[in-house]
Amino acid sequence: MGKLFTLHEATDDYVKIQKKQQEVDIVVEISTKMNKDLKPDTSIQILDHFMWTFAWGMNMSLGCKVDCVKYRSSHTIAEDLGITIGAALSKLFATKLEKEGINIHGSATFGLDEALVRAMVNYEGRRNCFISYGPDCPGARTELVEDIQTADFVAFYEGLTQGFPTTLHIDFLQGRDQHHTWESSFMAVGEAIRMAYSTNPWKIASNNPFYAEEGVAIASLV
């Protein structure tokens with residue numbers, strides 16, 4: 001059986017991981033230190049922009065390179081990118097959880113002009129993604145955001161929770177402009193991840209009363 005990922009390098013503050021299949025070949029690098037050489041290259045312009053936003057919210061440097069092998073599918077790119085980024089984050093989270101302790105849970109609300117989005121992340125080994133759209137947020141329900149379908153953003157978030165693994169809630173509260181609205185979601189999710197990753201010695205893995213010494217119930221994809 002082939003491996004889902006190839007882990008090229010993993011330290012306390014850096015992960016390089018690859019997900020190569022017949023459809024798409026994705027390499028992701030994440031560093032908890034500022035590294036301006038790490039840049040997103042997804043082949044989808046608005047997704048590149050939102051990956052910058054996502055990284056800025058997480059306080060992490062994010063690089064990714066997407067190569068389409070058989071054919072180019074924006075859905076496949078978004079979903080598999082989310083899965084691979086999630087797997088990289090899982091390595092960073094698991095390492096820090098065992099050595100220092102982390103919050104595990106994080107939440108954030110972010111607004112960009114008229115748009116307002118709330119996000120919650122809970123890193124406990126469950127793989128769930130719940131997205132709600134408020135009546136005052138038509139910007140989240142358009143078919144397209146520039147050069148991508150909004151359904152592909154949903155696929156990214158669902159993939160992220162598969163690879164992480166985490167429970168993710170995103171509530172679109174307000175927003176008319178689709179760019180503002182979805183960009184706010186990436187910043188809110190990034191901020192929630194930043195909070196979940198924050199150091200918390202109380203919650204070091206060995207103190208976890210719910211699971212074993214690993215600190216979370218993870219069926220690892222790596």
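# Strands and helices, term by term

Author: In this predicted model, strands β2 and β3 form a hairpin, with three residues between them.

Reader: What makes β2 and β3 count as paired strands?

Author: Two strands are taken as paired if there are at least two bridges between them, and β2 and β3, the latter covering residues 24–31, are joined by seven bridges in the antiparallel sense. The pairing of β2 with β3 therefore meets that requirement. One of the positions involved is Ile 17, whose bridge partner in β3 is Val 28.

Reader: Why is β2 described as largely enclosed by the rest of the structure?

Author: A residue counts as buried when its relative accessible area is under 20%. In β2, which spans residues 14–20, five of the seven residues are buried, and the strand is therefore largely enclosed by the rest of the structure.

Reader: Why does Ser 73 count as buried?

Author: Ser 73 is found in the loop between β5 (61–68) and α2. Its relative accessibility is 18%, and because the limit for a buried residue is under 20%, Ser 73 counts as buried.

Reader: What makes the meeting of the side chains of Ser 73 and Thr 76 a polar contact?

Author: The pair of N or O atoms in a polar contact must lie within 3.5 Å, and the side chains of Ser 73 and Thr 76 make their contact at 3.1 Å.

Reader: Why is α2 called roughly parallel to α4?

Author: Two packed helices are described by the angle between their axes and the distance between the axes. For helix α2 (residues 74–99) and helix α4 (residues 178–197), the axes come within 11 Å and cross at roughly 25 degrees. Angles under 35 degrees count as roughly parallel, so α2 is roughly parallel to α4. The contact is made by Leu 89, Leu 92, Phe 93 and Lys 96 of α2, together with Ile 193, Ala 196 and Tyr 197 of α4. By class, this contact of α2 with α4 has six nonpolar, no polar and one charged residues.

Reader: Why are α3 and α4 described as roughly parallel to each other?

Author: The axes of α3 and α4 come within 12 Å and cross at roughly 10 degrees; with the limit at under 35 degrees, the two helices are therefore roughly parallel to each other. Thr 150, Phe 153, Val 154, Phe 156, Tyr 157 and Leu 160 in α3 meet Trp 182, Ser 185, Phe 186, Val 189 and Ile 193 in α4. The residues of this contact of α3 with α4 divide into nine nonpolar, two polar and no charged.

Reader: What makes β6 and β8 the edge strands of their sheet?

Author: Four strands form an open sheet in the order β6-β7-β11-β8, with mixed pairing. β6 and β8 (128–133) are the edge strands, as each pairs on one side only. From one strand to the next, the twist averages 10 degrees.

Reader: How many bridges join β7 to β6, and how many join β7 to β11?

Author: Eight bridges join strand β6 (residues 105–112) to β7 (residues 115–122), and these two run antiparallel; in this pair, Ala 108 has Ala 119 of β7 as its bridge partner. Two residues lie between the strands of the hairpin of β6 and β7, where Asp 113 takes a positive phi near 55 degrees. Seven bridges join β7 to β11 (residues 167–174), again in the antiparallel sense, with Asn 122 opposite Thr 167 in β11 and His 169 in β11 as the bridge partner of Met 120.

Reader: Which strands does α4 lie across?

Author: α4 lies across β6, β7, β8 and β11, and runs at about 150 degrees to β6. Helix α3 (residues 150–163) lies across β8 and β11, running at about 150 degrees to β8.

Conventions: Residues are numbered from 1 along each chain as its sequence is written. This is a predicted model: local features need pLDDT of at least 70, side-chain atom pairs count only at pLDDT 80 or more; totals for chains, interfaces and linings use all residues. Side-chain values use heavy atoms; hydrogens and water are left out. Buried means under 20% relative accessible area, exposed over 50%, partly exposed in between (1.4 Å probe, protein chains only). Axes are lines fitted to C-alpha atoms, for helices over the stretch in contact, and angles run from 0 to 180 degrees between N-to-C directions. Angles under 35 degrees count as roughly parallel, over 145 as roughly antiparallel, 65 to 115 as roughly perpendicular and the rest as oblique. Contact means heavy atoms within 4.5 Å. Ala, Val, Leu, Ile, Met, Phe, Trp, Tyr, Cys and Pro count as nonpolar, Asp, Glu, Lys and Arg as charged, and the others, Gly among them, as polar. A polar contact is a pair of N or O atoms within 3.5 Å; within protein, one must be able to donate a hydrogen and the other to accept it, and residues adjacent in sequence count only if both atoms are side-chain atoms.
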